[in-house]
Amino acid sequence: MALLHGESTKTWLYGLLAALTLGAMTLAPAHAVSAQDPSASVPNEAKEVCWTNHNGRTRERVLNFVTDRGYEPFSYVDEEGELRGIDVDLLKAWAQQDGMTVRICAVNFSDIFKQLKAKQADGAMAGISFTVKRSQFLDFSQSYFAATEAVVASDLSEIKTLDDLKGKTVAVKRGSVGESFALEHQKELDLTIKPLNTSFETMLSVHMGQSDFCIDDYPVAAYQVSTGLYPGLTVAIARLPVDRVCESFHFVAPKSEDKALVKAFNDGLMRLIDSGEYTRIIKSYLKNFAEPMKGPHSVPELELPTAKAQ
């Protein structure tokens, strides 16, 4: 299936982005979350959590996918030890729709790229944005969700603009665009960078006063703040000026000449959108999600950042 490029794609992407950032969608959890000690929400790092539809008898190839272990509402391990989230459910729906046998495992975000580089995983879906550095070893699908990079801080802080970040300590997730932003601006803003493994941990670091702010994707930041697990935190800056990054999420696979798996995802995604399953899944986690436009969408090929690798 041919991908759309140019202005029509850009209009679609920015339209959804505006819906996210300006409130067309309410980023309140669709599932009840008890107001408990937020430290209890940090996943158990020692335990690998996986899901598979493999019955142990099929001779078909099992596709191994990896996702983030602490990136609610897109991928996370719940209190019962089950792997859940938008990305997880979309992968499951794609597998069921196309008759694929898959295994999905949750790992730390930075380990996702290690496994893909080593070709220990066939693909990944974990709120992954396009960067030039990642494109050197990964194929990117059409975008399936739009997002900006946001700053979360105490509602008592004076953080409102980029200049307000100067001289402060920032918690970031290892391997993320947020970490890249912090490293790129470290000298300019005199930042002390605190790298952690999950979004849970970066949020908790700010909540407990160990960091002044954290950087995460806007949908995740707004969702986490809305749960009530981190009282006193707010989205202080909804959109950071991140260069050379496309503000959208993609399924990725190790680079190949035919891009077969990424093409299969693109086709599968469009069928999930057309059937209404895509919207149903997202609405089960995010209330009042704005309906997507029909038709494929991708990062415009001619507009991919090329000036400098992150």
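F65 is buried, with a relative accessible area of 1% (buried means under 20%, exposed over 50%, partly exposed in between, using a 1.4 Å probe and protein chains only). The model is predicted, so local features need pLDDT of at least 70 and side-chain atom pairs count only at pLDDT 80 or more, while totals for chains, interfaces and linings use all residues. Residues are numbered from 1 along each chain as its sequence is written, and side-chain values use heavy atoms, with hydrogens and water left out.

**Aromatic pairs**
- The structure holds 14 aromatic pairs (rings of Phe, Tyr and Trp, the last by its six-membered ring, with centres within 6.5 Å; planes under 30 degrees apart are stacked, over 60 edge-to-face, the rest tilted).
- F65 and W94 are stacked, because their ring centres are 5.8 Å apart and their planes meet at 15 degrees.
- F65 sits in strand β2 (residues 62-68) and W94 in helix α2 (residues 86-98), so this pair ties together parts 29 residues apart in sequence (helices, H or I, of at least four residues and strands, E, of at least two are DSSP runs numbered from the N terminus).
- W94 is buried, as is F65.
- F65 also pairs edge-to-face with F251, at 5.7 Å centre to centre and 90 degrees between the planes.
- F251 belongs to strand β14 (residues 245-254), 186 residues from F65.
- F251 is buried, with a relative accessible area of 0%.

**Aromatic cluster**
- One aromatic cluster includes F65, W94 and F251, along with Y71, F74, Y144, F145, F249 and F265.

**Charges over rings**
- K117 lies over the face of F137, 4.7 Å from the ring centre (NZ of Lys or CZ of Arg within 6 Å of the ring centre and within 35 degrees of the ring normal).
- K173 lies over the face of F109, at 4.5 Å from the ring centre.
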